[in-house]
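Grab a pencil and work through the exercises below with the structure open beside you. Each task comes with a solution in steps.

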Protein chains: 2
Amino acid sequence: MPSDLRGLADIDRLIHEPARLALAAILSVVESADFLYLQRETGLTKGNLSSHLAKLEEAGYIAIEKTYRGRIPLTLVRLTDAGAAAYRAYRARFKKFLEKTG
Amino acid sequence: MPSDLRGLADIDRLIHEPARLALAAILSVVESADFLYLQRETGLTKGNLSSHLAKLEEAGYIAIEKTYRGRIPLTLVRLTDAGAAAYRAYRARFKKFLEKTG
DNA sequence: CAAACTAGTTTGTTATACAAACCATAAAGG
DNA sequence: CCTTTATGGTTTGTATAACAAACTAGTTTG
């Protein structure tokens, strides 16, 4: 039991943050999503979404592809394998916590 | 589904923080605990434990009683009703997220 | 009586999340 | 045209935050 609690300390903070957790949850089921879709779904401002995406990209959890729809810029985001694995691990870790402390 | 994700944004950050989540988990099952016991269980330094406890106390989630064991100071901590309710709500919220995004 | 231990708190640094301002391009209106 | 208005973002600034390290105060031990 104690070890389960201490384990919380080294949970993946990158995914633990609610905004990014929501992003991971969306991206885990959609192949890819564009910036504005993510903004609508999460309710984040553009600024915050941009910086959260930057962090996830730095970590290698997502890949960002900047392209165009016609001549309007379009930013496509998808979860990398590493990102999907991190998300799964996070969920498993948290689920275990909820069960053990049920 | 979107509404479930946006709901993450207003999850209780005070409890969401892993160190405090561990504290809440412990306190939810022990009636009361002293400072050093909490430190051992969580693996936190005294400084961090002290400041996390201060935050939980400010929020009214815990009550701190400073007393003595012989002539050695002893800090006893227990979850308030509000704290217990917040912890339950947090768990319920997160459990729902895990289920919906399963 | 000095060293070391117990039980914490205060202080300082670094990182983080969020909001607001900014920038570039494109379509629309007069 | 050319100047608003909308689209699609990025950069910048600020207030909180977590964490570690230093400090305080009293106590026991050698």
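## Exercise 1: Around DNA strand C

Task: find which residues come nearest to DNA strand C.

Solution. Of the 20 residues around DNA strand C, B:Arg13, B:Leu36, B:Lys46, B:Ser50 and B:Thr75 come nearest; a residue is near a strand if one of its heavy atoms lies within 4 Å of it. Next, look at the DNA side: sugar and phosphate make up 70% of the atoms of DNA strand C that come within 4 Å of the protein.

A quick note on the ground rules: this is a predicted model, where local features need pLDDT of at least 70 and side-chain atom pairs count only at pLDDT 80 or more, while totals for chains, interfaces and linings use all residues. Residues are numbered from 1 along each chain as its sequence is written, chains are lettered from A and ligands numbered from 1 in the order in which they are written, and side-chain values use heavy atoms, with hydrogens and water left out.

Now for the polar contacts (pairs of N or O atoms within 3.5 Å). Step by step:

- The side chain of A:Arg20 puts an N or O atom 2.7 Å from a phosphate oxygen of DNA strand C.
- B:Lys66 has a side-chain N or O atom 2.7 Å from a phosphate oxygen of DNA strand C.

## Exercise 2: Over to DNA strand D

Task: say which side chains make polar contacts with phosphate oxygens of DNA strand D.

Solution. Start with the surroundings: 20 residues surround DNA strand D, and A:Leu36, A:Lys46, A:Ser50, A:Lys66 and A:Thr75 are the closest. Then check the distances to phosphate oxygens: 2.6 Å for a polar side-chain atom of A:Ser50, 2.6 Å for a side-chain N or O atom of A:Lys66, and 3.1 Å for one of B:His52. Sugar or phosphate supplies 67% of the atoms of DNA strand D within 4 Å of the protein, and bases supply the rest.

## Exercise 3: The sheet in chain A

Task: work out the strand order of the open sheet, and why one side of β1 and of β2 has no neighbour there.

Solution. Finally, β2(A) and β3 (residues 72–79) of chain A pair over 8 bridges, and A:Ile64 has A:Val77 in β3(A) as its bridge partner.

Technical notes. Pairing = 2+ DSSP bridges. Helix = DSSP H or I, 4+ residues; strand = E, 2+ residues; numbered from the N terminus. Polar contact = N/O pair within 3.5 Å; in protein donor to acceptor, adjacent residues only side chain to side chain.
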